[in-house]
Amino acid sequence: MTLRGAARPHATGMIRSWSIVGALLIVTMAVQSSAAAELEGVDFADQVRAGDVTMRLSCVGLLRYKLFIKAYVAALYLGDGAEGGDIFADVPKRIELSYFWSISGADFGKAGDQILAQNVDAQTLSVLRPRLDRINALYRDVKPGDRYSLTYVPGSGTELALNGTRLGVIDGADFAAAYFRIWLGATPIDTQLRDQLLECARRTSGNKQAAVPRAEHGVF
C-alpha cells in the first residue's frame, strides 16, 4: 500500500509495515440526519438507511499507527437484532471508515485476504474465494477525507461504497459473517479498534443514542 500526501520522506520505512494492514478499513454511504458523534474532526450521523432498513450508530473508534500517526476513524452501525447480540448473525450491520491517508486501491484486497486467513478456516476461505476476488476488484484509491462503507442487509448482500457511491454488492450471509471479522473478529486488523467499536453495543444494547469511547493509542 502507498500512503501519499501527508507522509514525510523520513516516515517511509515506518509506514511501509502498515501498508497492507492499514489499508483495509472501509466505509461510507449516505448519512441521514445530523451528526451524532464526532471523533478527530470527523462526524458520523446517528443513523443510516439501506433500503427499508434503519441502522443506528453504536460506537466509533480511532486507529493509530505507532501511537502517533492517525490512520482513520471508524464507526459501527447496527440494525435490529444485532445490538447486544451476535453481530456475525444474519442481521443488518455497517462499518464506515474515514481516512487520514491516501491508499492505493490495489492494497485493500491484499490486506483483506491476509486478515481473513487468520479468522476463518481454509475451507471457508476456499468457498468465499470467488466473492473475495469480486470485492477486491471493486476497491478504488482513497485520499484523505474519503470514506468507504460496507453495509450488510439480509437478503440483499454486502454493499461496498465509496463516498456514498455504490461500487458493488456481494451476495451471501456467509460472506458478511466472514468479512466483518476483518474489523470485529477474534484476530482483527487491530484489537483495540475492535474493542472500541464493540464497547457500546455491549454496554447499551437497544439504546438508540450512540456512546463515543475515548480514542485509544495502541495498534499492531
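**Inside the core**

The largest nonpolar core is made of 43 residues, and those with the most contacts inside it are I135, Y179, W183 and L184. Keep in mind that this is a predicted model. Leaving aside residues up to four places away in sequence, I135 touches L150, L160, I170, F175 and Y179. Another core lies apart from the largest one; it has 19 residues, including A37, V42, L57 and Y77. In soluble globular proteins, nonpolar side chains tend to be buried together.

Now for the rings. Across the whole structure, a search finds 8 aromatic pairs. One of them joins Y72 and Y99: the ring centres are 6.0 Å apart and the planes meet at 65°, so this pair is edge-to-face. Y72 belongs to strand β4 (residues 69-78) and Y99 to strand β5 (residues 93-99), so the pair ties together parts that are 27 residues apart in sequence. Y72 and Y99 are both buried.

F108 and Y139 form a pair too: their ring centres are 4.8 Å apart with the planes at 5°, so the pair is stacked. This pair links distant parts of the chain, 31 residues apart, with F108 in helix α3 (residues 106-116) and Y139 in the loop between α4 (122-138) and β6 (147-153). Both F108 and Y139 are buried. Ring pairs link Y72, Y99, F108, Y139 and Y148 into a cluster.

Finally, two arginines to look for. R94 lies over the face of Y77, at 6.0 Å from the ring centre. The charged end of R147 sits over the ring of F44, 4.6 Å from the centre of that ring.

Notes. Residues are numbered from 1 along each chain as its sequence is written. This is a predicted model: local features need pLDDT of at least 70, side-chain atom pairs count only at pLDDT 80 or more; totals for chains, interfaces and linings use all residues. Side-chain values use heavy atoms; hydrogens and water are left out. A nonpolar core is a set of buried Ala, Val, Leu, Ile, Met, Phe, Trp, Tyr and Cys residues joined through side-chain atoms within 4.5 Å. Buried means under 20% relative accessible area, exposed over 50%, partly exposed in between (1.4 Å probe, protein chains only). Contact means heavy atoms within 4.5 Å. Rings of Phe, Tyr and Trp (its six-membered ring) pair if their centres lie within 6.5 Å; planes under 30 degrees apart count as stacked, over 60 as edge-to-face and the rest as tilted. Helices (H or I, at least four residues) and strands (E, at least two) are DSSP runs, numbered from the N terminus. A charge sits over a ring if NZ of Lys or CZ of Arg is within 6 Å of the ring centre and within 35 degrees of the ring normal.
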